[in-house]
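Biologist: Could you take a close look at one part of this model for me, the aromatic residues and what surrounds them? I would like the cut-offs spelled out as you go.

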Amino acid sequence: MKSLLRSVSGSGLTLLFIALVVLMLAAALGLSRVSGWIPLIVLSLTLALLLWQLAAELLARREGAGPDARGRRALAVIAWIGLLLLLSWLAGVVAGTTLFSIAWLRWHARERWPASLAQAAGLGLALWLVFGQILGSGLYPGVLLPLLG
């Protein structure tokens, strides 16, 4: 039991994210039926993935993966999340997510350029179609787009 508690306490960042998602889920439950379904779906899936991540971390510790490897992996994830936020802030959600997807697929997932470009273009097109055209709710345009227009 002590080793399980020690393992769980070593997953502080994951536990912090789980707590934040649970708080956001609680807040999303207060939204109306129309505006609340997207946050509920996204946050529920995020919570499921975080719980999966916590289980993977606990299993890795049990199998003897060193803390240095976990620390580097956590730092890399934080850097990728920071890049996504930076690109979305600068270029907007659609363009920033598309650019981030290209970088992620090419350099992290080691996909070839054609596959990276095609998948990222599909994601950008889907975001633009679903949110911009079908739902009519424009996504954040970024700080650079207004400067260009």
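Modeller: Happy to! A residue is called buried under 20% relative accessible area, exposed over 50%, and partly exposed in between, using a 1.4 Å probe and protein chains only. This is a predicted model, so local features need pLDDT of at least 70 and side-chain atom pairs count only at pLDDT 80 or more, while totals for chains, interfaces and linings use all residues. Residues are numbered from 1 along each chain as its sequence is written, and side-chain values use heavy atoms, with hydrogens and water left out.

With that in place, Trp 80 and Phe 100 are both buried. For Trp 80 the relative accessibility is 18%, which is why it counts as buried.

Now the rings. Rings of Phe, Tyr and Trp (for Trp, the six-membered ring) pair if their centres lie within 6.5 Å; planes under 30 degrees apart count as stacked, over 60 as edge-to-face, and the rest as tilted. The structure holds four aromatic pairs. In one of them, the ring centres of Trp 80 and Phe 100 are 5.7 Å apart and the planes meet at 80°, so this pair is edge-to-face. It joins distant parts of the chain, since Trp 80 sits in helix H4 (residues 67-91) and Phe 100 in helix H5 (residues 93-108), 20 residues apart. Helices here are DSSP runs of H or I with at least four residues, strands are E runs of at least two, and both are numbered from the N terminus.

Trp 80 also pairs edge-to-face with Trp 104, at 5.2 Å centre to centre and 80° between the planes. Again distant parts of the chain are linked: Trp 80 in helix H4 and Trp 104 in helix H5 are 24 residues apart.

What else is buried in H5? Besides Phe 100, the buried residues of H5 are Gly 96, Thr 97, Thr 98, Ser 101, Ile 102, Ala 103 and Leu 105. After H5 comes Arg 110, whose phi is positive, near 60°.

One more feature involves H4: both helix H2 (12-28) and H4 supply at least two residues each to a nonpolar patch. H2 gives the largest share, six residues. Leu 13 is found in helix H2, and with a relative accessible area of 35% Leu 13 is partly exposed.
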